[in-house]
Amino acid sequence: MIETPYYLIDKAKLLRNMEKIAYVRERSGAKALLALKCFATWCVFDFMREYMDGTTSSSLNEVRLGHERFGKETHAYSVAYADYEIDEVISHADKIIFNSISQLERFADKSAGIVRGLRLNPMVSSSSFDLADPARPFSRLGEWDVTKIEKVMDRISGFMIHNNCENADFALFDRMLGDIEEKFGELLSRAQWVSLGGGIHFTGDDYPLDLFADRLKAFAEKYGVQVYLEPGEASITRSTTLETTVLDTLFNGKNLAIVDASIEAHMLDLLIYRETAKVTPNEGPHSYMICGKSCLAGDIFGEFNFPAELKTGDRVSIQDAAGYTMVKKNWFNGVKMPAIAVKEVDGTVHVAREFSYQDYEQSLS
Ligand SMILES: *Cc1c(COP(=O)(O)O)cnc(C)c1O
């Protein structure tokens, strides 16, 4: 028995996503790069590498991790590079994608020996949540002025466009790609490669994979480009749980159960985006509010139904805990950091990493 709390990555579930990614690559000719900002748990990279073409990054640390731990193709991108990191970034990358023309110009000499691209902002997006909308008003994410971009075409060979966000609607993806073609078609036909970014929920149930792959293929043929996808969430969705144990139960108008983890420290995005966690099957006559153990009043995973009364020592598994969780976990309240465990395809479970007091202490000074 592994002591809770721990994240449990289930390779058999991860495999379902990997096989869909491999199918889309095969049918469309697009390449798929894991977006490390979503998931950087490198103990499963050996497994994922078989199904993907490499990684993409948003910082020096990520591009280095991608290069050293994943290998294959390594794309470098960052909202802005500092002078002190650019050389090292380039040493780890196959391609560098600049966020702005001014960054491209600033590092023109240093990056002359590597494939270069520019991020485009099509000013349309699938996100209704302002915080996560790359095309929000006054966005700093990418260039949009075709006249200005044309002037630097001699320095770049491709583009990155990331404007989808958890988009499970193929028709919307298709329509937005049409907008992009209308806006940037001239530029695209002069490029050799185009990355369409992440945020496309194509590994979800019932996504029309064939239509998606065929759309990518038609796009690639029309402009004569190598298409890249940068799946983050889509790569690891529904592969992982956060395993917790009930430490105490209380009643304060509702039944409350406190578990040995924290939404603020271990699944922060739920709090930021005001979503509730998932517990399955969420059935039965006993309803509980599952609460985290930090002192934040709103450290609450959500309200769920259980077949029996919860008591101290019971296990609660929080579903879908891979994306934007382990990369964001923090030491708030000094809460015990969940270990990282892996369930192999044959069902055996092993702990890949545990965190100690020393890790907490060393994260500060
Ligand atoms: C966040 C991001 C991704 C991954 O997004 P998901 O929604 O996790 O698929 C890919 N590319 C870029 C440029 C990103 O900013």
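Colleague: Does Asp 214 count as buried, partly exposed or exposed?

Modeller: This is a predicted model. In the model, Asp 214 counts as partly exposed, because its relative accessibility is 34%, and buried would require a value under 20%.

Colleague: Which side chain does Asp 214 meet in a salt bridge?

Modeller: That of Arg 27, with an N to O distance of 2.9 Å. Arg 27 lies in helix 1 and Asp 214 in helix 8, so the pair ties together parts that are 187 residues apart in sequence. Arg 27 is partly exposed too, with a relative accessible area of 31%.

Colleague: How many salt bridges does the structure hold?

Modeller: It holds 23. Among them is one between Arg 106 and Asp 83, whose closest N and O atoms are 2.7 Å apart. Here Arg 106 belongs to helix 5, while Asp 83 sits in the loop between strand 4 and helix 4. Arg 106 is exposed, at 54% relative accessible area.

Colleague: Which residues are linked in a network of salt bridges?

Modeller: Asp 174, Glu 181, Arg 215 and Lys 222 are linked in this way.

Colleague: Let us turn to the ligand. Which side chain has an N or O atom 2.5 Å from a nitrogen atom of the ligand?

Modeller: That is the side chain of Glu 230. An oxygen atom of the ligand is also 2.7 Å from an N or O atom in the side chain of Lys 37. The protein covers 88% of the 390 Å² of accessible area that the ligand has on its own.

Colleague: What classes of residue make up the shell around the ligand?

Modeller: The shell has 5 nonpolar, 4 polar and 3 charged residues.

Key
Residues numbered from 1 in each chain as written. Predicted model: local features only at pLDDT ≥ 70, side-chain atom pairs only at ≥ 80, totals over all residues. Heavy atoms only, no water. Polar contact = N/O pair within 3.5 Å; in protein donor to acceptor, adjacent residues only side chain to side chain. Areas by Shrake-Rupley, 256 points an atom, 1.4 Å probe, with all protein chains shown as cover. Nonpolar A, V, L, I, M, F, W, Y, C, P; charged D, E, K, R; others polar. Salt bridge = Lys/Arg side-chain N within 4 Å of Asp/Glu carboxyl O. Helix = DSSP H or I, 4+ residues; strand = E, 2+ residues; numbered from the N terminus. Buried < 20%, exposed > 50% of the residue type's maximum accessible area, 1.4 Å probe, protein only.
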